[in-house]
Amino acid sequence: MFDKTETLTLQVEGMTCPHCVQHVQEALKAVKGVKSAKVSLEAKSAQVTYVPAKTGKLIKSVEAAGYTAS
């Protein structure tokens, strides 16, 4: 049986360079249930595909990496 996934776009503040993008992407991918994370410096956003869980875990992972997400 396949897990149902959802896609969420987070607005991410505080990124200034490609290293920041990588840092946020790695933080999101470390959250249990995340299938993929695509982060854009230009759009100041992250598109996350995940198995439904608490959205707060995704936001907390970005904040733990030193950025702001909503």
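How many bridges join strand E1 to strand E3, and which way do the two strands run? The legends below take this up, one view at a time. This is a predicted model, in which local features need pLDDT of at least 70 and side-chain atom pairs count only at pLDDT 80 or more, while totals for chains, interfaces and linings use all residues. Residues are numbered from 1 along each chain as its sequence is written, and side-chain values use heavy atoms, with hydrogens and water left out.

**View 1. Strands E1 and E3 side by side.**
Here's the reply to the opening question: six bridges join E1 (residues 6–13) to E3 (residues 45–50), and the two run antiparallel. Strands (E, at least two residues) and helices (H or I, at least four) are DSSP runs, numbered from the N terminus. Two strands count as paired if DSSP finds at least two bridges between them. Look for Glu6, which stands opposite Tyr50 in E3, and for Thr7, whose bridge partner in E3 is Thr49. E3 is mostly covered, with five of its six residues buried. "Buried" is under 20% relative accessible area, "exposed" is over 50%, and "partly exposed" is in between (1.4 Å probe, protein chains only).

**View 2. The E2–E3 hairpin.**
Strand E2 (residues 34–40) is also joined to E3 by six bridges, again antiparallel. Find Ala37 and you'll see Val48 of E3 opposite. Four residues sit between E2 and E3 in this hairpin, and Lys44 in the turn has a positive phi of about 50°.

Four strands make an open sheet in the order E2-E3-E1-E4, with antiparallel pairing. E2 and E4 are the edge strands, each with a single partner, so one side of each has no neighbour in the sheet. Strands of a sheet pair through backbone hydrogen bonds, either parallel or antiparallel. Strand E4 (residues 68–69) is held to E1 by two bridges, running antiparallel. Those pairings put Glu13 with Thr68 and Val12 with Ala69.

Val24 lies in H1 (residues 18–29) and is buried, at 0% relative accessible area. Skipping its neighbours within four places in sequence, Val24 is in contact (heavy atoms within 4.5 Å) with Val12, Met15, Val39, Val62 and Tyr67. Val24 and Ala37 are 13 residues apart in sequence, and their C-alpha atoms are 9.0 Å apart in space.

**View 3. Two cysteines, Cys17 and Cys20, without a disulfide.**
A disulfide is a covalent bond between the sulfur atoms of two cysteines. Here a disulfide is called when the two sulfurs are within 2.5 Å, and the structure holds zero of them. Cys17 counts as partly exposed, at 26% relative accessibility, whereas Cys20 is buried, at 8%.
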